[in-house]
Amino acid sequence: MPVVASARPDLPERRCGRSGLVLPEVSLGLWQNFGGATPFATQRELVLAAVDLGVTHLDLANNYGPPPGAAEESVGRILTRDLASSRDQLVVSTKAGYRQWPGPYGEHGSRKYLIASLDQSLGRLGLDHVDLFYSHRFDPRTPLEETIGALGTALTSGRARAVGISSYSASRTAQALEVAASLGVPLTICQPSYSMLNRWVEEPDPGAGGRSLLEVASDGGLGIAAFSPLAQGLLTDRYLHGVPADSRAARGGPMRPEYLSEANLAHVRALDAIARARGQSLAQLAIGWVLRDPRVTTVVLGARTREQLESNLAALHQSPLTPDELAAIDLDAVDGGVNLWGPRSSDL
Ligand code: NAP
(Lines give C-alpha, C1' and ligand atoms only; values in the text may rest on other atoms or scores of the structure.)
Protein backbone atom coordinates (compact mmCIF):
# COMPACT_ATOMS: atom_id res chain seq x y z
CA MET A 1 0.00 0.00 0.00
CA PRO A 2 1.44 3.45 -0.84
CA VAL A 3 2.83 5.37 2.10
CA VAL A 4 1.34 8.79 2.65
CA ALA A 5 4.15 10.80 4.16
CA SER A 6 1.78 13.52 5.36
CA ALA A 7 0.30 10.97 7.79
CA ARG A 8 3.67 10.61 9.49
CA PRO A 9 3.99 10.87 13.24
CA ASP A 10 5.72 13.95 14.57
CA LEU A 11 9.41 13.30 14.25
CA PRO A 12 11.54 16.17 15.55
CA GLU A 13 13.25 18.17 12.81
CA ARG A 14 16.16 20.61 12.76
CA ARG A 15 17.07 23.40 10.38
CA CYS A 16 20.10 22.63 8.25
CA GLY A 17 22.60 25.36 9.15
CA ARG A 18 21.46 28.74 7.87
CA SER A 19 19.54 27.24 4.92
CA GLY A 20 15.82 26.83 4.33
CA LEU A 21 16.13 23.05 4.48
CA VAL A 22 14.91 21.14 7.51
CA LEU A 23 15.78 17.49 8.12
CA PRO A 24 14.38 14.88 10.50
CA GLU A 25 16.70 14.34 13.48
CA VAL A 26 17.16 10.76 12.26
CA SER A 27 17.90 9.99 8.60
CA LEU A 28 18.10 6.55 7.02
CA GLY A 29 21.40 5.64 5.36
CA LEU A 30 21.43 3.02 2.62
CA TRP A 31 25.14 2.17 2.54
CA GLN A 32 24.69 -1.35 3.95
CA ASN A 33 21.65 -3.67 3.74
CA PHE A 34 20.62 -2.33 0.31
CA GLY A 35 22.85 -4.35 -1.99
CA GLY A 36 22.17 -7.27 -4.27
CA ALA A 37 22.40 -9.76 -1.37
CA THR A 38 19.30 -8.32 0.36
CA PRO A 39 15.96 -9.23 -1.26
CA PHE A 40 14.20 -6.24 -2.83
CA ALA A 41 11.10 -6.97 -0.71
CA THR A 42 13.17 -6.55 2.48
CA GLN A 43 14.68 -3.30 1.25
CA ARG A 44 11.26 -1.98 0.23
CA GLU A 45 9.77 -2.89 3.59
CA LEU A 46 12.51 -0.99 5.45
CA VAL A 47 12.32 2.15 3.29
CA LEU A 48 8.53 2.26 3.53
CA ALA A 49 8.70 1.68 7.29
CA ALA A 50 11.17 4.55 7.63
CA VAL A 51 9.01 6.96 5.67
CA ASP A 52 5.95 5.77 7.56
CA LEU A 53 7.76 6.54 10.83
CA GLY A 54 8.63 10.06 9.67
CA VAL A 55 12.18 9.45 8.46
CA THR A 56 11.78 11.55 5.34
CA HIS A 57 15.50 11.79 4.49
CA LEU A 58 17.12 8.91 2.56
CA ASP A 59 20.90 9.14 2.33
CA LEU A 60 22.45 7.44 -0.71
CA ALA A 61 25.66 7.51 -2.73
CA ASN A 62 26.50 6.38 -6.25
CA ASN A 63 28.54 3.43 -4.93
CA TYR A 64 26.14 2.00 -2.32
CA GLY A 65 25.47 -1.66 -2.98
CA PRO A 66 27.19 -3.92 -3.81
CA PRO A 67 27.24 -3.78 -6.74
CA PRO A 68 27.72 0.01 -6.91
CA GLY A 69 24.44 1.67 -7.84
CA ALA A 70 22.26 -1.12 -6.43
CA ALA A 71 20.90 0.96 -3.53
CA GLU A 72 19.94 3.82 -5.86
CA GLU A 73 18.25 1.36 -8.21
CA SER A 74 16.21 -0.07 -5.34
CA VAL A 75 15.18 3.36 -4.12
CA GLY A 76 14.27 4.30 -7.69
CA ARG A 77 11.92 1.33 -7.89
CA ILE A 78 10.39 2.15 -4.51
CA LEU A 79 9.95 5.82 -5.40
CA THR A 80 8.17 4.88 -8.62
CA ARG A 81 6.01 2.12 -7.18
CA ASP A 82 5.15 3.46 -3.74
CA LEU A 83 6.24 7.02 -3.12
CA ALA A 84 5.65 8.95 -6.33
CA SER A 85 2.91 11.04 -4.75
CA SER A 86 5.11 11.77 -1.70
CA ARG A 87 8.18 12.86 -3.69
CA ASP A 88 8.07 16.44 -2.49
CA GLN A 89 7.78 15.33 1.14
CA LEU A 90 11.06 13.43 0.91
CA VAL A 91 14.70 14.49 0.87
CA VAL A 92 16.74 12.20 -1.37
CA SER A 93 20.52 12.61 -1.10
CA THR A 94 23.32 11.17 -3.16
CA LYS A 95 27.08 11.59 -3.46
CA ALA A 96 30.02 11.02 -5.77
CA GLY A 97 33.69 10.68 -4.86
CA TYR A 98 34.61 7.03 -4.39
CA ARG A 99 35.27 4.62 -7.26
CA GLN A 100 32.14 4.04 -9.31
CA TRP A 101 33.52 2.87 -12.65
CA PRO A 102 37.00 1.96 -13.95
CA GLY A 103 39.45 4.49 -15.33
CA PRO A 104 40.48 8.00 -14.36
CA TYR A 105 36.97 9.47 -14.70
CA GLY A 106 35.22 7.08 -12.29
CA GLU A 107 36.15 8.58 -8.91
CA HIS A 108 37.48 11.63 -6.99
CA GLY A 109 36.40 15.24 -7.58
CA SER A 110 36.70 16.29 -11.22
CA ARG A 111 33.86 18.15 -12.93
CA LYS A 112 33.66 15.38 -15.54
CA TYR A 113 33.20 12.66 -12.94
CA LEU A 114 30.84 14.52 -10.58
CA ILE A 115 28.38 15.59 -13.26
CA ALA A 116 28.45 12.25 -15.11
CA SER A 117 27.96 10.38 -11.85
CA LEU A 118 25.06 12.62 -10.81
CA ASP A 119 23.39 12.02 -14.18
CA GLN A 120 23.81 8.27 -13.71
CA SER A 121 22.41 8.51 -10.16
CA LEU A 122 19.35 10.40 -11.42
CA GLY A 123 18.85 7.67 -14.04
CA ARG A 124 18.93 4.90 -11.42
CA LEU A 125 16.68 6.85 -9.07
CA GLY A 126 14.23 7.73 -11.86
CA LEU A 127 14.31 11.37 -10.72
CA ASP A 128 14.96 14.67 -12.45
CA HIS A 129 16.66 16.06 -9.33
CA VAL A 130 18.01 15.04 -5.96
CA ASP A 131 17.51 17.21 -2.90
CA LEU A 132 21.13 16.99 -1.78
CA PHE A 133 24.27 16.21 -3.77
CA TYR A 134 27.64 15.80 -2.05
CA SER A 135 31.28 15.65 -2.99
CA HIS A 136 31.88 12.39 -1.11
CA ARG A 137 35.54 13.06 -0.30
CA PHE A 138 38.19 15.70 -0.75
CA ASP A 139 40.33 15.15 -3.85
CA PRO A 140 43.90 16.39 -3.37
CA ARG A 141 44.63 16.34 -7.12
CA THR A 142 41.69 18.41 -8.33
CA PRO A 143 41.45 22.14 -7.56
CA LEU A 144 38.66 22.81 -5.06
CA GLU A 145 37.42 25.46 -7.50
CA GLU A 146 36.63 22.67 -9.97
CA THR A 147 34.94 20.38 -7.43
CA ILE A 148 32.88 23.16 -5.84
CA GLY A 149 32.18 24.61 -9.28
CA ALA A 150 30.73 21.24 -10.34
CA LEU A 151 28.47 21.30 -7.27
CA GLY A 152 27.39 24.76 -8.44
CA THR A 153 26.56 23.33 -11.86
CA ALA A 154 24.48 20.62 -10.18
CA LEU A 155 22.48 23.42 -8.55
CA THR A 156 22.11 25.82 -11.45
CA SER A 157 21.22 23.04 -13.89
CA GLY A 158 18.41 21.93 -11.56
CA ARG A 159 19.91 18.49 -10.94
CA ALA A 160 20.23 19.20 -7.19
CA ARG A 161 18.32 21.44 -4.80
CA ALA A 162 21.23 21.78 -2.34
CA VAL A 163 24.86 20.65 -2.19
CA GLY A 164 27.43 19.67 0.40
CA ILE A 165 30.72 17.98 1.19
CA SER A 166 31.45 14.76 3.05
CA SER A 167 34.45 13.61 5.11
CA TYR A 168 36.33 16.86 4.48
CA SER A 169 38.59 17.82 7.42
CA ALA A 170 38.01 21.10 9.27
CA SER A 171 40.71 22.86 7.24
CA ARG A 172 39.45 21.49 3.91
CA THR A 173 35.92 22.51 4.90
CA ALA A 174 37.13 26.03 5.68
CA GLN A 175 38.83 26.16 2.26
CA ALA A 176 35.72 24.79 0.55
CA LEU A 177 33.59 27.47 2.21
CA GLU A 178 35.97 30.18 0.96
CA VAL A 179 35.96 28.81 -2.58
CA ALA A 180 32.18 28.41 -2.52
CA ALA A 181 31.76 32.03 -1.41
CA SER A 182 34.07 33.24 -4.18
CA LEU A 183 32.13 31.23 -6.79
CA GLY A 184 28.72 32.13 -5.37
CA VAL A 185 27.87 28.49 -4.66
CA PRO A 186 25.74 28.09 -1.52
CA LEU A 187 27.08 25.07 0.39
CA THR A 188 24.33 23.75 2.67
CA ILE A 189 25.67 20.76 4.59
CA CYS A 190 28.67 18.68 5.53
CA GLN A 191 28.59 14.97 6.35
CA PRO A 192 31.29 13.65 8.72
CA SER A 193 31.43 10.45 10.75
CA TYR A 194 30.74 11.09 14.46
CA SER A 195 30.02 8.86 17.42
CA MET A 196 30.98 8.30 21.03
CA LEU A 197 33.94 6.22 19.78
CA ASN A 198 34.91 8.60 16.96
CA ARG A 199 35.13 12.24 18.05
CA TRP A 200 37.47 13.69 15.43
CA VAL A 201 34.98 16.43 14.50
CA GLU A 202 35.53 17.97 17.95
CA GLU A 203 39.32 18.21 17.60
CA PRO A 204 41.02 21.55 16.93
CA ASP A 205 42.57 21.66 13.44
CA PRO A 206 45.64 23.94 13.13
CA GLY A 207 44.83 24.35 9.42
CA ALA A 208 41.48 25.89 10.37
CA GLY A 209 42.87 28.40 12.86
CA GLY A 210 42.56 25.84 15.65
CA ARG A 211 38.85 25.34 15.06
CA SER A 212 37.17 21.96 14.97
CA LEU A 213 35.00 20.79 12.10
CA LEU A 214 31.93 21.40 14.29
CA GLU A 215 33.06 25.02 14.72
CA VAL A 216 33.99 25.57 11.07
CA ALA A 217 30.66 24.17 9.92
CA SER A 218 28.71 26.21 12.40
CA ASP A 219 30.64 29.43 11.61
CA GLY A 220 30.05 28.82 7.89
CA GLY A 221 26.31 28.20 8.29
CA LEU A 222 26.54 24.54 7.26
CA GLY A 223 24.23 21.88 8.59
CA ILE A 224 25.88 18.70 9.87
CA ALA A 225 24.68 15.21 8.96
CA ALA A 226 26.58 12.94 11.38
CA PHE A 227 27.02 9.47 9.92
CA SER A 228 27.62 6.10 11.63
CA PRO A 229 26.43 7.35 15.06
CA LEU A 230 26.35 3.72 16.22
CA ALA A 231 29.93 3.05 15.05
CA GLN A 232 28.50 0.53 12.55
CA GLY A 233 26.70 -1.33 15.36
CA LEU A 234 29.48 -1.37 17.95
CA LEU A 235 27.51 1.18 20.02
CA THR A 236 24.52 -1.16 20.35
CA ASP A 237 23.91 -4.36 22.27
CA ARG A 238 25.01 -6.41 19.23
CA TYR A 239 28.52 -7.26 20.37
CA LEU A 240 28.13 -7.36 24.16
CA HIS A 241 28.15 -11.17 24.15
CA GLY A 242 30.08 -12.20 21.05
CA VAL A 243 29.51 -11.74 17.33
CA PRO A 244 25.96 -12.64 16.20
CA ALA A 245 25.80 -14.60 12.95
CA ASP A 246 23.56 -12.01 11.25
CA SER A 247 25.67 -9.00 12.30
CA ARG A 248 27.73 -6.71 10.08
CA ALA A 249 30.93 -7.91 11.77
CA ALA A 250 30.11 -11.52 10.90
CA ARG A 251 29.48 -10.59 7.26
CA GLY A 252 33.00 -9.11 6.90
CA GLY A 253 33.68 -5.84 5.09
CA PRO A 254 33.79 -2.38 6.64
CA MET A 255 33.10 -3.52 10.22
CA ARG A 256 36.66 -4.68 10.77
CA PRO A 257 37.56 -7.34 13.36
CA GLU A 258 40.01 -4.97 15.11
CA TYR A 259 37.11 -2.64 15.97
CA LEU A 260 35.91 -5.35 18.38
CA SER A 261 39.06 -5.06 20.52
CA GLU A 262 38.87 -5.79 24.24
CA ALA A 263 39.61 -2.11 24.93
CA ASN A 264 36.69 -0.96 22.77
CA LEU A 265 34.35 -3.59 24.22
CA ALA A 266 35.24 -2.47 27.76
CA HIS A 267 34.17 1.07 26.85
CA VAL A 268 31.04 -0.25 25.15
CA ARG A 269 30.09 -2.21 28.29
CA ALA A 270 30.60 0.86 30.49
CA LEU A 271 28.48 2.99 28.13
CA ASP A 272 25.84 0.28 28.07
CA ALA A 273 25.66 0.44 31.88
CA ILE A 274 25.07 4.21 31.69
CA ALA A 275 22.32 3.65 29.12
CA ARG A 276 20.64 0.99 31.24
CA ALA A 277 20.74 3.26 34.31
CA ARG A 278 18.75 5.76 32.18
CA GLY A 279 16.29 3.08 31.10
CA GLN A 280 17.62 3.25 27.53
CA SER A 281 19.34 0.97 25.07
CA LEU A 282 22.97 1.73 24.22
CA ALA A 283 21.93 2.61 20.66
CA GLN A 284 19.43 5.16 22.01
CA LEU A 285 22.10 6.68 24.25
CA ALA A 286 24.54 6.85 21.32
CA ILE A 287 21.98 8.66 19.14
CA GLY A 288 20.92 11.07 21.90
CA TRP A 289 24.57 11.81 22.62
CA VAL A 290 25.36 12.89 19.04
CA LEU A 291 22.18 14.97 18.93
CA ARG A 292 23.03 16.67 22.25
CA ASP A 293 24.96 19.18 20.12
CA PRO A 294 22.54 21.62 18.46
CA ARG A 295 25.03 22.14 15.61
CA VAL A 296 24.26 18.59 14.46
CA THR A 297 21.24 18.64 12.14
CA THR A 298 20.60 14.92 11.81
CA VAL A 299 22.17 11.55 12.52
CA VAL A 300 22.44 9.33 9.45
CA LEU A 301 22.10 5.84 10.78
CA GLY A 302 21.79 2.38 9.32
CA ALA A 303 19.19 -0.21 10.20
CA ARG A 304 18.70 -3.78 9.06
CA THR A 305 15.17 -4.21 10.43
CA ARG A 306 12.10 -2.15 11.23
CA GLU A 307 12.52 -3.09 14.90
CA GLN A 308 16.02 -1.58 15.00
CA LEU A 309 14.75 1.60 13.39
CA GLU A 310 11.74 1.93 15.68
CA SER A 311 13.88 1.38 18.74
CA ASN A 312 16.40 3.98 17.52
CA LEU A 313 13.68 6.56 16.91
CA ALA A 314 12.54 6.24 20.52
CA ALA A 315 15.82 8.00 21.42
CA LEU A 316 14.26 11.23 20.14
CA HIS A 317 11.66 11.25 22.90
CA GLN A 318 13.89 10.60 25.89
CA SER A 319 15.13 12.98 28.54
CA PRO A 320 18.20 15.13 27.75
CA LEU A 321 21.55 14.03 29.14
CA THR A 322 22.46 15.76 32.41
CA PRO A 323 25.92 17.31 33.01
CA ASP A 324 26.74 14.41 35.38
CA GLU A 325 25.75 11.84 32.76
CA LEU A 326 27.78 13.65 30.09
CA ALA A 327 30.82 13.67 32.38
CA ALA A 328 30.41 9.94 33.06
CA ILE A 329 30.06 9.25 29.32
CA ASP A 330 33.24 11.24 28.57
CA LEU A 331 35.30 8.70 30.52
CA ASP A 332 34.40 5.97 28.00
CA ALA A 333 33.52 8.00 24.90
CA VAL A 334 37.11 7.80 23.68
CA ASP A 335 38.64 7.25 20.27
CA GLY A 336 38.23 3.60 19.33
CA GLY A 337 40.14 3.67 16.03
CA VAL A 338 36.87 3.07 14.17
CA ASN A 339 37.03 6.00 11.72
CA LEU A 340 37.37 4.22 8.40
CA TRP A 341 37.01 7.46 6.46
CA GLY A 342 39.61 9.91 7.80
CA PRO A 343 42.80 8.57 6.20
CA ARG A 344 41.07 7.73 2.92
CA SER A 345 39.88 11.23 2.24
CA SER A 346 39.98 14.25 4.47
CA ASP A 347 43.51 13.73 5.78
CA LEU A 348 45.10 13.73 2.35
P1 NAP B 1 25.37 3.02 12.12
O2 NAP B 1 24.03 3.56 12.47
O3 NAP B 1 26.54 3.43 12.94
O4 NAP B 1 25.33 1.40 12.12
C5 NAP B 1 24.21 0.73 11.60
C6 NAP B 1 24.22 -0.72 12.02
O7 NAP B 1 24.09 -0.83 13.45
C8 NAP B 1 23.03 -1.49 11.48
O9 NAP B 1 23.24 -1.93 10.16
C10 NAP B 1 22.90 -2.62 12.47
O11 NAP B 1 23.91 -3.59 12.23
C12 NAP B 1 23.24 -1.93 13.77
N13 NAP B 1 22.05 -1.38 14.46
C14 NAP B 1 21.30 -0.31 14.12
N15 NAP B 1 20.32 -0.12 15.02
C16 NAP B 1 20.44 -1.08 15.94
C17 NAP B 1 19.73 -1.40 17.12
N18 NAP B 1 18.68 -0.67 17.52
N19 NAP B 1 20.12 -2.46 17.84
C20 NAP B 1 21.19 -3.22 17.45
N21 NAP B 1 21.91 -2.96 16.33
C22 NAP B 1 21.54 -1.90 15.60
O23 NAP B 1 25.57 3.49 10.66
P24 NAP B 1 26.23 2.93 9.30
O25 NAP B 1 25.33 1.89 8.71
O26 NAP B 1 27.66 2.63 9.50
O27 NAP B 1 26.13 4.24 8.43
C28 NAP B 1 24.88 4.91 8.33
C29 NAP B 1 24.81 5.70 7.09
O30 NAP B 1 25.77 6.74 7.10
C31 NAP B 1 25.10 4.95 5.81
O32 NAP B 1 24.04 4.12 5.37
C33 NAP B 1 25.38 6.08 4.87
O34 NAP B 1 24.15 6.65 4.44
C35 NAP B 1 26.12 7.06 5.77
N36 NAP B 1 27.57 6.91 5.59
C37 NAP B 1 28.21 7.91 4.92
C38 NAP B 1 29.56 7.80 4.68
C39 NAP B 1 30.26 8.93 3.97
O40 NAP B 1 31.42 8.76 3.58
N41 NAP B 1 29.61 10.04 3.80
C42 NAP B 1 30.28 6.67 5.09
C43 NAP B 1 29.59 5.68 5.79
C44 NAP B 1 28.24 5.82 6.05
P45 NAP B 1 23.61 -5.15 11.97
O46 NAP B 1 23.49 -5.29 10.50
O47 NAP B 1 24.82 -5.82 12.52
O48 NAP B 1 22.35 -5.50 12.71
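A polar contact is a pair of N or O atoms within 3.5 Å; within protein, one must be able to donate a hydrogen and the other to accept it, and residues adjacent in sequence count only if both atoms are side-chain atoms. The model is predicted: local features need pLDDT of at least 70, side-chain atom pairs count only at pLDDT 80 or more, and totals for chains, interfaces and linings use all residues. Residues are numbered from 1 along each chain as its sequence is written, and side-chain values use heavy atoms, with hydrogens and water left out.

**Stop 1**

Select the ligand and Arg304, where a polar side-chain atom lies 2.9 Å from a ligand oxygen. The protein buries 97% of the 910 Å² that the ligand exposes when taken alone (Shrake-Rupley method, 1.4 Å probe).

**Stop 1: the shell**

**Stop 2: Ser228**

Centre on Ser228, in the loop between strand 9 (223-227) and helix 7; helices (H or I, at least four residues) and strands (E, at least two) are DSSP runs, numbered from the N terminus. Ser228 is not a glycine, yet its phi is positive, about 55°. Most residues other than glycine have a negative phi, and most peptide bonds are trans.

**Stop 3: two cis bonds**

Move to the loop between strand 4 (57-59) and helix 2 (70-81), which holds Pro66. The Gly65 to Pro66 peptide bond is cis, with omega near -5°. Pro67 is in the loop between strand 4 and helix 2, and a cis peptide bond with omega of about -5° joins Pro66 and Pro67.

**Stop 4: the whole chain**

Zoom out to the chain, with its 12 helices and 10 strands. Its radius of gyration (over C-alpha atoms) is 19 Å, close to the 20 Å that the globule rule (2.2 Å times the number of residues to the power 0.38) gives for 348 residues, so the chain is as compact as a globular protein of that length. The C-alpha trace spans about 55 × 50 × 35 Å along its principal axes.
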